[in-house]
Structure formats: structure tokens, C-alpha cells
Amino acid sequence: MTLSIKDLPQEDLFGPGNAGCRGCGAAIAGRQAMKALGPRTIVSIPASCMATLSGSNQRTAWQVPFYHTLFEIAPAVAAGIRAALDAQGIRDVNVVSWAGDAGTADIGFQSLSGAAERNDAIIHVCYDNEMYMNTNGQTGSQTPLYAITSNQRKGKQTCKKDMLAIMLAHGIGYAASASISHPLDLIAKLKKAAARRSFSYVHILTPCYRGWGIPTDQSVAVARKAVECGLWELYEVEDGVRRRTYEPSFIPVAEYLAPQGRFKNLTADKIQEMQDAVNRYYHREEGKA
Amino acid sequence: MIKDLPVVPSAKAGSMAAAPAGAAWREQHPVIGTACNQCLECTLFCPEGALVQTGGNMTVMLSLCNGCGICAVECRLQAIAMVREYTGVSGVFPLREEKV
Ligand SMILES: Cc1ncc(C[n+]2csc(CCOP(=O)(O)OP(=O)(O)O)c2C)c(N)n1
Ligand code: SF4
């Protein structure tokens with residue numbers, strides 16, 4: 001059954017009053033995700049923008065329990081919460097560790113890998129703004145090729161690490177990519193993850209206007225361009241079966257890259273190089289945009 | 001016993017909505033026009049959850065809106081216009097030339 005907006009709960013379990021920057025992609029992802037996860041959810045979030053914007057001391061933007069953890073351990077804390085729920089015989093709660101790209105792929109990676117390998121019954125969500133934004137936008141393993149960051153003014157010289165492939169190598173049952181530009185696809189994937197009682201991984205593209213050098217009103221539009229040009233593929237792997245959940249229209253990658261300040265140094269050659277890589281990946285004819 | 005653990009101080013659920021930071025530095029806000037067909041798509045793109053359907057109509061909760069402008073860009077019918085303003089303790093002031 002396809003999901004419709006009218007079927008979603010109007011109530012916001014995350015969002016109202018959050019202290020995110022204008023147009024924050026991470027906050028949008030949080031709102032969309034909670035439409036899928038529902039009120040019986042516990043969230044653990046490590047040091048990141050999401051932890052900062054969604055609570056401080058005595059105030060919170062969540063309607064569900066939210067634990068702000070140390071940087072390296074959000075999945076381990078989530079696994080511990082699951083164990084405590086199991087010990088009490090509570091079975092109807094989703095436990096989610098929600099981390100940025102550094103909290104997932106770099107600084108938080110060991111505890112993520114451990115939880116995946118143990119097949120702890122949690123959902124790990126990576127909201128990916130492709131930089132260490134809460135400390136002013138340093139390069140990380142999820143920063144894409146050639147993007148300018150606060151500590152690499154000439155742009156990154158290596159490729160983005162493929163986190164879905166790495167997580168799938170743990171033999172997990174469910175992994176998916178998502179984008180805030182395609183909320184119903186995102187919500188359907190989180191609902192699938194929540195229905196399972198095993199480790200799931202969902203990786204969401206969440207643009208950040210400061211890091212990416214875009215106007216605040218473009219966060220969703222630029223995420224959509226990432227999907228439509230083919231650079232951000234929407235897919236899921238469920239019990240070993242891979243399915244692309246959205247067919248891109250293949251707009252030129254330049255339409256995604258050129259408006260972003262972080263790609264302002266890109267030459268026509270490098271844009272063509274990325275276009276060729278997309279064409280090869282999707283087995284499209286050379287020259288066809 | 002797990003159940004005997006002490007109760008630690010924690011924030012009241014949703015308490016940030018009572019004093020939202022973003023609304024204080026807003027410079028523009030959306031006005032929803034008659035072209036709106038209640039598709040609700042904008043409600044999923046607003047970072048603050050400021051767009052709600054009440055009594056069959058879309059409304060903007062100005063106390064939450066931070067003026068990012070995403071809703072106006074995303075509306076397929078271009079039914080949302082961003083209106084420049086100043087906000088302050090006494091409320092919302094549209095810029096003079098935009099007053100009708
Ligand atoms: C162990 C440790 N190292 C460094 C920091 C400082 N720190 C806080 S948030 C952050 C970056 C977070 O980046 P990411 O996970 O990508 O989330 P984002 O802020 O981009 O949303 C860093 C380096 C910390 N809090 N703890
Ligand atoms: S301008 Fe931004 S914060 Fe305000 S209602 Fe629109 S999407 Fe929400």
C-alpha cells in the first residue's frame with residue numbers, strides 16, 4: 001500500500017521550537033522520521049547539531065525520551081536501552097540512535113559497527129550533512145569529492161566513504177538511503193525498519209545551508225536535485241534484496257553542484273568527470289546528460 | 001531492581017515550543033494564498049512544524065516560524081508568498097512598503 005500524506009499523524013513528536021538554523025535539513029529529517037516512528041520511541045543522540053538544536057539542560061524539542069550521549073557511543077547507549085526494555089518485558093518501543101555523519105561514519109563508528117555485528121534491535125539513523133557542522137564544518141569521511149570545507153579550502157581530494165555498503169557488510173537485515181526531499185519514501189523506510197526486531201540502518205541526506213553555501217530556502221530543493229541527478233540514489237536492501245525505490249530523472253549533475261558554494265571551485269572538467277561517473281554507474285550512454 | 005532507579009531531572013516534553021528561538025530572529029514569514037489546495041506537502045518540509053491544518057485550512061503558527069522560506073519554494077502551486085517583516089517583543093511588523 002502506498003503511503004499518503006493524509007494518513008500521517010498531524011502531531012509533531014519532534015520539531016516545534018527546535019533551535020536549528022533557518023532551513024535546517026537535520027530538523028526536517030527529525031520531523032519526518034517521527035511521523036513514522038511514533039510516540040513509543042526512545043532516541044539517543046551523540047554530540048552533533050541535532051543534539052544541540054533539540055535540547056539543552058531543562059528544555060527539549062522532543063515529545064519522546066531523548067538522551068544526549070557522548071560522541072562515540074549513541075548506538076551502544078541505544079543497545080543498552082533495548083536490553084533494559086527487554087529485561088522489563090517491554091516489547092513495543094522503537095529504540096533509535098540518531099547521529100550525524102561524524103557520529104556515524106567516523107568518531108561513532110566503532111560502537112555502530114559493534115551494535116550492527118551483535119544485531120541489536122535498534123535503528124541507527126545517520127543524518128548526513130556531509131561535514132562536521134556543529135564544530136564549524138570540518139571534512140569527514142562523508143564529505144563528497146571536491147567539496148570545500150572549513151579546514152580544506154581547496155576541496156576534499158578523496159571520495160565519500162560508502163556507508164551503506166559498509167553496514168551491509170555486517171550482514172544486517174535492513175539498510176536504506178533516504179532524502180528529506182522525498183518524505184513519503186523516507187517514512188516508508190523507517191516504518192519498515194521499525195517493524196523489524198533486528199538492527200537496521202537508514203542514511204538520510206540532510207543539506208545544511210551554512211556548510212553547503214546555499215540559501216536557507218533551498219535545503220529541500222537541493223536534496224531533490226541530488227536525487228534527480230543520480231548522485232544520491234534512493235534504495236533499500238531488505239534481507240539481501242536490493243531495490244531502487246525512486247527512479248531519478250537524470251538532470252545534469254551540474255544543476256546540483258553549481259549552485260552550491262562548497263563546489264564553487266569545480267571546473268567543467270571535474271563536473272564532467274562526475275557526470276561520467278554517474279553515467280557509468282547507471283549504465284547510461286556516454287554524452288547523454 | 002531496574003524499577004528502583006532514582007528519577008533524574010529531565011526536561012518537560014516539547015518544552016522548547018514554549019519559547020522558540022527561531023521566531024525571534026525571523027525576517028520574513030509565509031502568507032498562504034487562495035491557490036492552496038490543502039495538499040499538506042509543505043507540512044512535511046517545514047523544519048519547525050509551523051504549518052498546520054486547522055478547520056480545513058492551512059495556517060502558519062508564527063510563534064514557531066523562523067522564516068526559512070522552504071515552504072514557499074516547495075509549494076507546487078506557488079500558493080505561499082514570503083512577506084518581509086521585523087519581529088519584536090510586541091509582535092510582527094510588516095515593512096512599510098509592503099503594507100496594504
Ligand atoms: C569525543 C569528542 N570529540 C569531539 C567533539 C566535538 N564535536 C562536537 S559535535 C562535532 C561534530 C559533529 O559532526 P556530525 O556528527 O557530522 O554532526 P553535525 O554536527 O554535522 O550535525 C564535534 C567534532 C566531542 N563533543 N566529543
Ligand atoms: S518559512 Fe520555514 S519555518 Fe516558516 S512556515 Fe515556512 S517552512 Fe516553516
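Predicted model: local features only at pLDDT ≥ 70, side-chain atom pairs only at ≥ 80, totals over all residues.
Student: Which polar side-chain atom lies close to an oxygen atom of ligand 1, and at what distance in Å?
Tutor: Among the 16 residues around ligand 1, those that come nearest are Gly103(A), Tyr127(A), Met131(A), Met133(A) and Asn134(A). The side-chain approach belongs to another residue on the list of nearest ones, and the residue and distance asked for are Tyr127(A) and 2.5 Å.

Student: How much of the area that ligand 1 exposes when taken alone does the protein bury?
Tutor: The reference value is the area that ligand 1 exposes when taken alone, which is 590 Å². Of that area, the protein buries 75%.

Student: Which helix of chain A gives the most residues to the shell around ligand 1?
Tutor: The shell around ligand 1 divides by class into 8 nonpolar, 6 polar and 2 charged residues. One helix, spanning residues 101-106 of chain A, contributes 3 residues to this shell, the most of any element, and that helix is H4.

Student: How many charged residues does the shell around ligand 2 have?
Tutor: Ligand 2 sits in the largest cavity, and the residues around it come from chain B, including Pro30(B), Cys46(B), Leu51(B), Cys65(B), Gly67(B) and Met82(B). Sorted by class, the shell has 9 nonpolar and 3 polar residues, and the number of charged residues is none.

Student: Is Lys189(A) buried or exposed?
Tutor: Lys189(A) is found in helix H7, residues 183-195 of chain A, and its side chain is joined to that of Thr245(A) by a polar contact of 2.9 Å. The cut-off for a buried residue is a relative accessible area under 20%. Because the relative accessible area of Lys189(A) is 1%, this lysine counts as buried.

Student: How many of the residues of helix H9 of chain A are buried?
Tutor: Helix H9 covers residues 219-228 of chain A and is mostly covered. Its buried residues include Ser219(A), Val220(A), Ala226(A) and Glu228(A), and the helix is followed by Gly230(A), whose phi is positive, near 95 degrees. Of the 10 residues of H9(A), the number buried is 8.

Student: Where in chain A is Glu130(A), a residue with a positive phi although it is other than glycine?
Tutor: Most residues other than glycine have a negative phi. Glu130(A) has a positive phi, near 65 degrees, and it counts as buried because its relative accessibility is 4%. Its place is in the loop between strand S6 (123-128) and helix H6 (163-168).

Student: Is Tyr146(A) buried or exposed?
Tutor: Tyr146(A) lies in the loop between S6 and H6 of chain A, and, although not a glycine, it has a positive phi of about 75 degrees. Because its relative accessibility is 12%, Tyr146(A) counts as buried.

Key:
Residues numbered from 1 in each chain as written. Chains lettered and ligands numbered in written order. Heavy atoms only, no water. Near = heavy atom within 4 Å. 1 Å grid on protein atoms, 1.4 Å probe; cavity = no way out; pocket = protein on both sides within 12 Å on 5 of 7 lines; lining within 4 Å. Sits in = over half its atoms within 2 Å of the grid points. Nonpolar A, V, L, I, M, F, W, Y, C, P; charged D, E, K, R; others polar. Polar contact = N/O pair within 3.5 Å; in protein donor to acceptor, adjacent residues only side chain to side chain. Areas by Shrake-Rupley, 256 points an atom, 1.4 Å probe, with all protein chains shown as cover. Helix = DSSP H or I, 4+ residues; strand = E, 2+ residues; numbered from the N terminus. Buried < 20%, exposed > 50% of the residue type's maximum accessible area, 1.4 Å probe, protein only.
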